[in-house]
Amino acid sequence: MTMNGEAVLENVRRYRTVASLYRQTATFRPHQRDSLLAQAAEWESRAVAELEAYFVARQAPSQPPANRNYHAPSYTPSPWQFAAA
């Protein structure tokens, strides 16, 4: 399946926008803060997964991975990243 780079970037932009809205909402709803920040983290991980899938698909036909046993670590945002938003 061919992935359009512009469509991928648009999806990533949308996912990160949703994540930002969850973080902003968490600021004003302290009782729901943990749940809202968990949702923000989920949307951020979707954005990263979309980018990773795109670059893996781009690289696959031209360059096979050097080590097939290697698994890239999953993205886990640090607590300080939430504070920066």
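Q: How far from E50 is the nearest side chain of opposite charge?
A: The model is a predicted one. In it, E50 lies in helix α2, residues 33-59, and is buried without a salt bridge. A salt bridge requires a nitrogen–oxygen pair within 4 Å. The nearest side chain of opposite charge is that of R46, at 9.0 Å.

Q: Which residue joins its side chain to that of E50 by a polar contact?
A: Leaving out residues up to four places away in sequence, E50 touches V8, N11, V12 and Y15. A polar contact of 3.0 Å links the side chain of E50 to that of N11.

Q: What is the geometry class of the pair formed by Y15 and W43?
A: The whole structure holds 2 aromatic pairs. In the pair of Y15 and W43, the ring centres are 5.6 Å apart. Y15 belongs to helix α1 (residues 5-28) and W43 to helix α2, so the pair ties together parts 28 residues apart in sequence. The planes meet at 50°, so the pair is tilted.

Q: What is the angle between the ring planes of Y54 and F55?
A: Y54 is buried at 14% relative accessibility, whereas F55 is partly exposed at 45%. Their rings form an edge-to-face pair, 5.2 Å centre to centre. Edge-to-face applies to planes over 60 degrees apart, and the angle here is 70°.

How values were computed: Residues numbered from 1 in each chain as written. Predicted model: local features only at pLDDT ≥ 70, side-chain atom pairs only at ≥ 80, totals over all residues. Heavy atoms only, no water. Helix = DSSP H or I, 4+ residues; strand = E, 2+ residues; numbered from the N terminus. Buried < 20%, exposed > 50% of the residue type's maximum accessible area, 1.4 Å probe, protein only. Lys, Arg positive; Asp, Glu negative; His and termini not counted. Polar contact = N/O pair within 3.5 Å; in protein donor to acceptor, adjacent residues only side chain to side chain. Contact = heavy atoms within 4.5 Å. Phe/Tyr/Trp six-rings, centres within 6.5 Å; stacked < 30°, edge-to-face > 60°.
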